Amino acid sequence: MGKLLKFLFLVALFGSIATGGSYAAAYFAQGKIVGIEDPLGARHVKLHWQGYDSLPGKPRAWVFSYRGGKVPGVTSATIVVSPTGKVLFTRPTDIQERVERWHLSRQSVD
């Protein structure tokens, strides 16, 4: 019984480490698009372990959803990132360009 509990504890520990590492990779990948200031508004994060239905092949993915941001013309945004940290999809598709333009407009005002 003791060996079983030790095994289950180690599986849970390694699973937690793997999930944390995956989240960190996805968080930094979406951070390259969004930047430090989070101009896209309130963030909601969800892991689609069974697969993200909106993409071909239903890949597993972290989905970062934003609402109510400061970027003009963007009321909501979605960034889908693989567990390894590769950006799979963004909605709107030009979100990185819009955020960069927003950053540039803020720099010219300061």
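Buried means under 20% relative accessible area, exposed over 50%, and partly exposed in between (1.4 Å probe, protein chains only).

Before you move on, note that this is a predicted model, in which local features need pLDDT of at least 70, side-chain atom pairs count only at pLDDT 80 or more, and totals for chains, interfaces and linings use all residues. Residues are numbered from 1 along each chain as its sequence is written, and side-chain values use heavy atoms, leaving out hydrogens and water.

**Stop 1**

Select Arg106 and Glu37 for another of them, at 3.8 Å from N to O. Arg106 belongs to helix α2 and Glu37 to the loop between α1 and β1 (42-48), so this pair ties together parts 69 residues apart in sequence. Helices (H or I, at least four residues) and strands (E, at least two) are DSSP runs, numbered from the N terminus. Next, show Arg43 and Asp38, whose side chains meet at 3.3 Å, N to O. Arg43 is partly exposed at 32%, and Asp38 is partly exposed at 22%.

**Stop 1: the nonpolar core**

Now select Leu40, Phe64, Tyr66, Ile79 and Ile95, the residues with the most contacts inside the largest nonpolar core, which has 16 residues. Such a core is a set of buried Ala, Val, Leu, Ile, Met, Phe, Trp, Tyr and Cys residues joined through side-chain atoms within 4.5 Å. Colour α1 (2-34), β2 (61-67), β3 (76-81) and α2 (95-109) to see the elements that give two or more residues to this core. The most comes from α1, with four residues. A second, separate core of five residues includes Tyr52, Leu55, Ala61 and Val80.

Zoom in on Ile79. Setting aside neighbours within four places in sequence, its contacts (heavy atoms within 4.5 Å) include Gln30, Ile33, Trp62, Phe64 and Phe89.

**Stop 2: the strands**

Show β3 as a cartoon. Five of its six residues are buried, so β3 is largely enclosed by the rest of the structure. Six bridges join β2 to β3, and the two run antiparallel; strands pair if DSSP finds at least two bridges between them. Tyr66 has Ala77 in β3 as its bridge partner. On to β4 (87-91): four bridges join β3 to β4, again antiparallel. Here Ile79 stands opposite Thr90, and Val81 opposite Val87.

Follow the chain into the hairpin of β3 and β4, where five residues lie between the strands and Gly85 in the turn has a positive phi of about 100°. Gly85 is partly exposed at 24% and touches Ala25, Ala26 and Ala29, not counting residues up to four places away in sequence.

**Stop 3: the rings**

Finally, select Tyr23, Tyr27, Phe28, Trp62 and Phe64, which ring pairs link into a cluster. The structure holds four aromatic pairs, a pair being rings of Phe, Tyr and Trp (its six-membered ring) with centres within 6.5 Å. Then pick Trp49: the charged end of Arg60 sits over its ring, 4.0 Å from the centre. The rule for this is NZ of Lys or CZ of Arg within 6 Å of the ring centre and within 35 degrees of the ring normal.

How values were computed:
Rings of Phe, Tyr and Trp (its six-membered ring) pair if their centres lie within 6.5 Å; planes under 30 degrees apart count as stacked, over 60 as edge-to-face and the rest as tilted. A salt bridge is a side-chain nitrogen of Lys or Arg within 4 Å of a carboxyl oxygen of Asp or Glu.
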